[in-house]
Amino acid sequence: AIEQADAIMILNRFGEDRFDLIMQASKARIPVFVDKPFTMNLDEAEQLVETYNKLQIPLFSTSVFRFSKEVQDLKTELEQTEWLGGSVIGPATCKDLGNDPRLNKLHFYGIHLAEILQEVFGSGVESVQALKSDTGFHSLVQKTDGAQIGLLMLDPMDDYYSIEVYTSNGVRSVTIDLEGDFYIDSMMAFLKFVNGDNGVSPKKTLEALELMFAIEKTIGKTIIGRMSLILIK
């Protein structure tokens, strides 16, 4: 089947299973899409990206919420707006896919918020301070451009994703419509990627994962430096 395909989409449920699948897919030398989270292990993620870069195979991994209308519209709006900071709010863990303990890992669902933050406010993380409470994880992300973004992963919480932008004129608040067309729009973005358009760069994918692992490692502390240096290998 792969020999007759133009691209491969890896859509299994859990990130722990993906390393072998993505490595096998590299043998076909055709574009590959990987559902979030890319992997649940940073070493594996870096090895995969290095392998695909070396073989010059197009690789695309994303949270579908990157391509929601609300996120894309807000991203465009902020390119023309002077803003002071912001926050991204959503669930810390998955509540509607069963009782598998892997669903409770922070980066399984929290990666959605990390990628929304990255898409709206831009890449580049300088430091992160994180606290855990009975209501979830409360993090302050310091970006390399000086902006500070709150990342609130609340638990328990039903699916709800909201972005707030702070400006000198007040607060701009947007909530993602969970009945929206973001799955279709993500698929269209990948099809354009297969045909040569830019997609979500593996560099962004790695940074979003690094941020999630950093939050888990820095509960109650502030760690400054490159995200890759924050993490324990």
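Helix axes are lines fitted to C-alpha atoms over the stretch in contact, and the angle between two N-to-C directions runs from 0 to 180 degrees. The model examined here is predicted.

**Exercise 1.** Classify the packing of helix α1 against helix α2, and describe the contact.

*Solution.* Step 1: α1 covers residues 18–25 and α2 residues 42–55; their axes lie 11 Å apart, at an angle of about 5°. Step 2: angles under 35 degrees count as roughly parallel, so α1 is roughly parallel to α2. Step 3: on the α1 side, F19, I22, M23 and A25 take part, meeting E44, Q47, L48, T51 and Y52 of α2. Step 4: by class, this contact between α1 and α2 comprises six nonpolar, two polar and one charged residues.

**Exercise 2.** Characterise the lining of the largest pocket.

*Solution.* Step 1: the volume of the largest pocket is about 500 Å³. Step 2: its lining consists of 22 residues, and D35, K36, V64, H112 and Y183 lie nearest the centre. Step 3: β2 (32–35), α4 (106–121) and α5 (182–194) are the elements that each give two or more residues to this lining. Step 4: α5 supplies the largest share, four residues. Step 5: the lining divides by class into 13 nonpolar, three polar and six charged residues.

**Exercise 3.** Is P156 buried or exposed, and where is P156 found?

*Solution.* Step 1: P156 belongs to the loop between β7 (148–154) and β8 (162–167). Step 2: the relative accessible area of P156 is 70%; exposed means over 50%, therefore P156 is exposed. Step 3: P156 and G136, 20 residues apart in sequence, have a C-alpha to C-alpha distance of 7.6 Å.

Terms used:
Residues numbered from 1 in each chain as written. Predicted model: local features only at pLDDT ≥ 70, side-chain atom pairs only at ≥ 80, totals over all residues. Heavy atoms only, no water. 1 Å grid on protein atoms, 1.4 Å probe; cavity = no way out; pocket = protein on both sides within 12 Å on 5 of 7 lines; lining within 4 Å. Points joined across faces, edges and corners; volume = space filled by probe spheres on them. Nonpolar A, V, L, I, M, F, W, Y, C, P; charged D, E, K, R; others polar. Buried < 20%, exposed > 50% of the residue type's maximum accessible area, 1.4 Å probe, protein only. Parallel < 35°, antiparallel > 145°, perpendicular 65-115°, else oblique. Contact = heavy atoms within 4.5 Å.
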